[in-house]
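Trainee: I would like to learn how to read a structure like this one with some care. Could we go through it together, feature by feature?

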Amino acid sequence: MTLDVPNLKDYDARLKDEAAEPTLEVPQSEPTKKTQIIAIYGKGGIGKSFTLANLSHMMAEQGKRVLLIGCDPKSDTTSLLFGGKACPTIIETSTQKKLAGEEVQIGDVCFKRGGVFAMELGGPEVGRGCGGRGIIHGFELLEKLGFHDWDFDYVLLDFLGDVVCGGFGLPIARDMAQKVILVGSNDLQSLYVANNVCSAVEYFRKLGGNVGVAGLVINKDDGSGEAQAFAKAVDIPVLASIPQDDDLRKKSANYQIVGTAESHWGDLFAALGENVAKAPPMRPTALSQDELLALFDGSDTGAGVVLEPATDEDMRGKDATPKKSLEVVYDEA
């Protein structure tokens, strides 16, 4: 009796061919559940935690039920929300409870402030584990705690955009979120990360995914315009421009919430909250490396530089000596 063994190589090739098909469209439909799950991506240090802590606080003031989940190993999202107080992470709490033979309870990892429910997934100790795997473990535990039965209007996920491994790509790859929001600034590195996320969204949409990009939040906006040009080029809206302002810098450094009606920055975050709520998930058009560089002044990006190939002699330097050829050369008869 001969068993039919699936040809996985052919299957993988068909998936790649399908993903490369430029005309493949995925029908866009309304979310099937009330809760909007939104993943926020951006370069490390670009201001995701600042944006999310204040956005979640403002949304709660607007009467929304909001759950904020920090998915960045630095665990700085909730620290800002809780005034500098670090809360126990899901990963470290799970480890401690397991060693003690106990089960994790929701009160061990989820805390409240200003109407916002918040928790941190956390990450491994330096050099002792994979951050992406930690993300996967954290969401597995959330499912055991009843994540899909919780009643929230918005679940905001703070993801590090620099890392492109599978764990950090979960919301996009597995349709865990309805939409993605990018946080960037007028600098090449943050827009490079934003463009990478657009590429990931575009790729998984071609494979049948439904996650889209709702827009870009420009943080530390100095008015130079590169981030606006990027949003226009990839065809996504700018949801808010948070200015480069010393007052915001000082308040953020001191763990002060400005996403409140009591702050003179309140109107900015109130408008951001409304834009985030109504922005539809769009399919971006990611830029090539040259197109991304073209958004910036050529003097800053090396425009006009011609790549000069290195030679074997270049690599050997002072030790470079002609090699004797072993080729046999015959005299002509």
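Mentor: K97 and E102 form a salt bridge, and their closest N and O atoms are 3.1 Å apart. A salt bridge here is a side-chain nitrogen of Lys or Arg within 4 Å of a carboxyl oxygen of Asp or Glu. This is a predicted model, in which local features need pLDDT of at least 70 and side-chain atom pairs count only at pLDDT 80 or more, while totals for chains, interfaces and linings use all residues. Residues are numbered from 1 along each chain as its sequence is written, and side-chain values use heavy atoms, with hydrogens and water left out.

Trainee: How many salt bridges does a search of the whole structure find, and which residues are linked with K97 in a network?

Mentor: Side chains of opposite charge can pair when their charged atoms come close. The search of the whole structure finds seven salt bridges, and K97, E102 and D108 are linked in a network of them.

Trainee: Where do K250 and D246 lie relative to each other in helix 10?

Mentor: K250 and D246 are four residues apart in helix 10 (residues 246-253), so they are separated by about one helical turn; helices are DSSP runs of H or I with at least four residues, strands are runs of E with at least two, and both are numbered from the N terminus. Their side chains meet in a salt bridge of 3.3 Å, N to O.

Trainee: Is strand 1 mostly covered or uncovered?

Mentor: In a regular strand the side chains alternate between the two faces of the sheet. In strand 1 (residues 36-42), seven of its seven residues are buried, where buried means under 20% relative accessible area, exposed over 50% and partly exposed in between, with a 1.4 Å probe and protein chains only. Q36, I38, I40 and G42 lie on one side, with I37, A39 and Y41 on the other.

Trainee: Which residues have the most contacts inside the largest nonpolar core?

Mentor: In soluble globular proteins, nonpolar side chains tend to be buried together. A nonpolar core is a set of buried Ala, Val, Leu, Ile, Met, Phe, Trp, Tyr and Cys residues joined through side-chain atoms within 4.5 Å. The largest one has 47 residues, and those with the most contacts inside it are I69, F139, L157, F159, V180, L182 and F230. A second, separate core of 36 residues includes C87, V183, F269 and A270.

Trainee: What is the mean pLDDT of the protein chain?

Mentor: The mean pLDDT is 83, on a scale of the predictor's confidence in each residue from 0 to 100.
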